[in-house]
Amino acid sequence: MKKKYQQFQELCCLCPCFLELKCLVGVVFLDAMTSQKAKTVLTLNAEAVDSLKDGINFKKSPEDGKCYIIYKNSDGLRACKNQCKHQGGVFIKDIEDLDGRTVKCTKHNWKLNVSSMKYVNPPDSFLQDELEVEILEDGGLQLVELSPVDPWLADPREPQELQEGEVKVTYLTHACMELQLGQKRFMFDPWLKGPAFARGWWLLHEPPADSMDRLCAADLIYISHMHSDHLSYPTLRDLAERRPDVPIYVGDTSRPVFWYLEQSKVKLTNINVVPFGVWQNIDEHLRFMILMDGVHPEMDTCIIVEYKGHMILNTVDCTRPNGGRLPEKVDLMMSDFAGGASGFPMTFCGGKYSDSWKADFIKNERKKLLNYKATLVRSLQPKIYCPFAGYFVEAHPSDRYIKETNHKNSAEDLNALINKFAPEIKTWTPKPGAVLDLGLALKDPNNR
Ligand code: FES
């Protein structure tokens, strides 16, 4: 199934990323024949977007005549196909719904609330598959369909009992976790030394002293995306000197994760570009699948790791992982939590960008992120949830103003919110070196 890079030069000629990939050495593309695809089904220009009214909007594609529903409110836009889950009937406005959120199927009167994408008749029944809404730079938008929507359901495996010590999750620092899964060690997003984003971000936590040894001993490494707090060349340079052939896996994003590899002079010889939504079998018990982000499919990814039928979901920094469609009731879910990752608006001044405007803005953004994460976790019902990938600080002296004003969410605040609304979900807030024994924790959530 593996194809050598040289054989892929031909394929890459067909792909717009060829210019960036053609000189990479040691990059292997894994078979993409059955991968998950993102397809644009409807495009609206800026004028059409401006004319969308609050509430329900019915739209038709001029290309193929297919119909879509776009719901607009102060939180933004949601969209789906105008196609009933029952037997494919077409929805029309439900005149009995005074709130303007519900549509009614013309075939057998099923009703769908498009503000929540839940069917209300039959009650508590189905969820409508959502389309991704991508806002374009010119003010237009695209509706994007992921297909298949839930590829992890392919070839399901029954969970087997885990022994004590069989699956251990060790938090190292920021987004770097080590998973020991039977005899294999799987490392996520190793940023272990040096700053990220030039000298803008620094590790908040010192990683454990043996972190680099652990990284060099890994059987496989996943790098979620190209941002330098996940793809850390200072870390990879040290790794390459000791383990140049360590298998590294990245998603097949249109903006390649390792676009800078050759210029960096870091010699890594076993980089594998993985198609989206396809299980990668590592041994008889261990497999993983990389999924794309719905908002930034060109560069951001997340991952499901499965060992003996137990799933670990890491949504990393994704804004809307896999378009919001994710496996429920996984054994462990981890995600970012902090916010404050952008230089906006703290690096702006003058005009409306007063200190109080900026403080209000980031307070609002942080609150929205906290609520979104809590809602997502609550809806997915993982057995254990761990916020991570937000442990950075703008420590350089020249960034003191940003450090003092760019407040971030705390992992404890998010966990408190989750504990309040979903007490059955156990939360884990690790410090560097902390270990979760998954087998023990599943038997007794208070025993980690
Ligand atoms: S097809 Fe929609 S209710 Fe039957």
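User: What should I know about the model before we start?
Analyst: It's a predicted model, where local features need pLDDT of at least 70, side-chain atom pairs count only at pLDDT 80 or more, and totals for chains, interfaces and linings use all residues. Residues are numbered from 1 along each chain as its sequence is written, and side-chain values use heavy atoms, leaving out hydrogens and water.

User: OK, which peptide bond involving Pro148 is cis?
Analyst: The one joining Ser147 and Pro148, with omega about -5°. Pro148 sits in the loop between strand 11 (141–147) and strand 12 (167–173); strands here are DSSP E runs of at least two residues, helices H or I runs of at least four, both numbered from the N terminus.

User: And what's the phi of Ala198?
Analyst: Positive, about 60°, although Ala198 is not a glycine. Most residues other than glycine have a negative phi.

User: Is Ala198 buried or exposed?
Analyst: Exposed, with a relative accessible area of 73% (buried is under 20%, exposed over 50%, partly exposed in between, with a 1.4 Å probe and protein chains only).

User: Last one: how close do the axes of helix 7 and helix 9 come?
Analyst: The axes of helix 7 (residues 355–380) and helix 9 (residues 411–421) come within 10 Å and cross at roughly 45°; axes are lines fitted to C-alpha atoms over the stretch in contact, with angles from 0 to 180 degrees between N-to-C directions.
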